[in-house]
Every structure is written in C-alpha cells, then in structure tokens.
Amino acid sequence: MDYRKLRSFLALADTLHFARAAAAVNLTQPALSQHIQALEQQWGVKLFARDKRKVSLTREGALLLGEVQQTVQRVEHLQDTIKQVAAGRRGMLRIGYVGTSMLEPALVKIIRAFRRDFPQIALQPVEYSVNQQLSLLESGDLDIGILRGPLPERRQISRQILHQTSLCAVLADDHALAQEACISLADLAAEPLILQEDPEGIGLGGAVLNLYAAARQIPTSVLRARDVATAVDLAALGLGVTFIPHAPERFLRQDVALLPLAQQDVTTALYLCWKTGAANPEIRRFAGYAQSHYGEEPAA
C-alpha cells in the first residue's frame with residue numbers, strides 16, 4: 001500500500017478541497033486526483049463524492065478514515081525509528097533483576113528517570129534468579145543484570161554498586177518480639193531461619209548466612225523458600241524469621257513486622273552488572289547514568 005496515496009487521502013479528507021489538499025502534500029492537483037482514483041480502484045469503494053461545487057467524504061470513506069490515520073501514523077513512527085537507529089540514537093536494553101531489587105526505591109527512581117531522559121531507548125525488564133542472570137550476561141542474552149550481593153568473582157562480568165541498604169528481620173506481627181524498636185541476632189537465636197533459594201554464598205541468602213557467621217551464630221534450623229516473597233509469607237505464618245533489605249512497609253504484607261537490626265553496619269548491596277566488553281553502547285550509558293545520579297560507590 002502506497003504511503004503517499006494514503007497521505008493524499010488524509011489531506012483531501014481534512015480540507016475537502018483538491019487544490020488545498022494538493023498543496024498540503026506537495027503535489028499537483030492532477031497527481032493528487034490520480035492518487036485518490038488509484039485508491040478507489042484498489043479498494044473497490046468510492047471515497048469521495050464530488051461535483052463542481054463541493055467535495056465530501058462518502059460513507060465508505062468516513063468509515064475508512066480512522067484506519068488510514070492510524071496506518072499513516074504507524075508508518076511515520078517506523079520511518080522515524082529507522083532514522084534514529086541509523087543515526088545511533090535509538091537502542092534497547094534487556095534488563096534482568098532479582099525480586100528484592102524492586103523493594104529499593106532508589107532502583108525505581110533510576111529506571112523512571114532513565115526512561116524519562118532517554119525515551120528512545122527501549123527497556124525490557126524480566127525477573128531472573130542470580131544464577132540465571134550471570135549465565136545470560138555471559139552468553140550475551142542479557143545486557144544488564146541487577147543483582148544482590150555478595151556476588152562471585154567473574155572476570156567477564158563488570159559490576160558497580162547501585163545502592164546499599166540495611167538488612168531487617170521479618171517476623172509475624174503476633175510474635176513476642178514484633179513490637180520491639182529494633183532487634184539483635186541474639187534475640188533470634190531460637191528462631192528457625194527462612195532462607196530463599198540462592199546459590200551458596202551468593203545474593204540475599206549469602207548475605208544473611210554471612211551475617212550469622214559474623215555473629216558466630218548457627219540457626220536452629222533452616223527452612224528453604226522459593227523466593228523472598230514466599231519467605232515473607234512463611235514468616236507471616238509464624239514459621240520463623242527471614243531477612244530482607246529495608247523497605248517501606250507498604251510493600252509488605254500487613255501481618256508481618258519489619259524490625260531493624262541493632263547492628264548498624266549490617267547492609268546488603270544491590271549491584272548493576274554487565275558483560276565486560278559488551279558491544280551494546282546503551283549499557284555504558286545506563287551504567288554511567290545510574291552511577292552519576294544515584295550511585296554510592298565507584299565500580300567494585
């Protein structure tokens with residue numbers, strides 16, 4: 001379907017005057033008439049009723065007008081996108097993230113601000129586990145990974161800290177300790193530990209086990225959960241204690257208590273990761289933007 005003929009149709013439908021419509025699309029009047037006649041023959045309908053005094057849309061023309069407008073808009077958007085891609089002004093980022101990252105207001109701010117300042121870059125976020133993200137980054141099937149430390153050392157993966165957040169304990173709201181202003185790990189010595197399924201020593205699960213190891217404390221038992229949301233659900237049932245990055249309580253269930261830890265230096269870090277030497281130029285753009293606007297430490 002000829003884009004120029006569609007534009008001629010829209011111009012005539014707008015002006016209902018052949019001379020003015022021709023001028024609007026930089027055509028001669030006979031050329032515009034030929035475009036309209038060609039469309040009518042191709043579609044098998046009469047688009048305009050015309051006599052010596054006036055031009056008007058037929059019923060069929062009016063019914064087709066909206067579809068033609070949308071088609072022309074899509075074609076013009078495609079043309080603009082092609083120009084941006086050719087000029088290197090449009091790109092795409094495939095972003096992986098762990099579930100707990102969305103509890104971080106800082107990350108939400110980064111993505112919102114980046115989308116506002118770089119609307120020409122399409123973001124495709126998908127939730128993956130730590131191991132999945134590392135594998136996808138190494139294979140080149142993911143551009144950016146948003147992971148919670150600790151992370152394994154891999155030479156082919158570059159990383160920088162996005163944000164550090166204090167760890168908090170999560171207990172059922174009817175627990176005897178639920179009303180405390182803060183809590184120590186020693187207070188939780190008798191509580192089963194609910195831990196998400198992270199690889200050994202990695203991610204939030206690794207951070208929590210490091211916390212216990214630093215305190216020379218061993219959980220009475222460990223209950224494994226599929227993910228952080230499930231761990232919080234189990235804590236709400238009174239089955240034990242779990243730990244999450246500090247988050248606004250509105251993000252959590254209403255039947256749990258979020259308790260700060262007495263140890264002030266207990267934190268968890270959220271990392272931005274990408275494949276070292278990756279070709280996509282938008283990766284560095286995103287990493288630099290996040291670091292300059294919200295980053296707390298230089299690349300780790």
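Visitor: Which conventions apply to the model?

Guide: The model is predicted, so local features need pLDDT of at least 70 and side-chain atom pairs count only at pLDDT 80 or more, while totals for chains, interfaces and linings use all residues. Residues are numbered from 1 along each chain as its sequence is written, and side-chain values use heavy atoms, with hydrogens and water left out.

Visitor: How many disulfides does a search of the whole structure find?

Guide: A disulfide is a covalent bond between the sulfur atoms of two cysteines. The criterion is a pair of cysteine sulfur atoms within 2.5 Å. The search of the whole structure finds zero. C182 is in no disulfide, its nearest cysteine sulfur, that of C168, being 10 Å away.

Visitor: Is C273 buried or exposed?

Guide: Buried means under 20% relative accessible area, exposed over 50%, and partly exposed in between (1.4 Å probe, protein chains only). C273 is buried, because its relative accessibility is 1%. C182, at 39%, counts as partly exposed.

Visitor: How many salt bridges are found in the whole structure?

Guide: A salt bridge requires a side-chain nitrogen of Lys or Arg within 4 Å of a carboxyl oxygen of Asp or Glu. The search finds 10 salt bridges. One of them joins R159 to E153, with the closest N and O atoms 2.7 Å apart.

Visitor: What is the accessibility of R159 and of E153?

Guide: R159 has a relative accessible area of 12% and is therefore buried, whereas E153 is exposed at 68%.

Visitor: Which residue forms a salt bridge with D117?

Guide: The partner of D117 is R116, with a closest N to O distance of 3.0 Å. D117 is partly exposed at 35%, and R116 is exposed at 58%.
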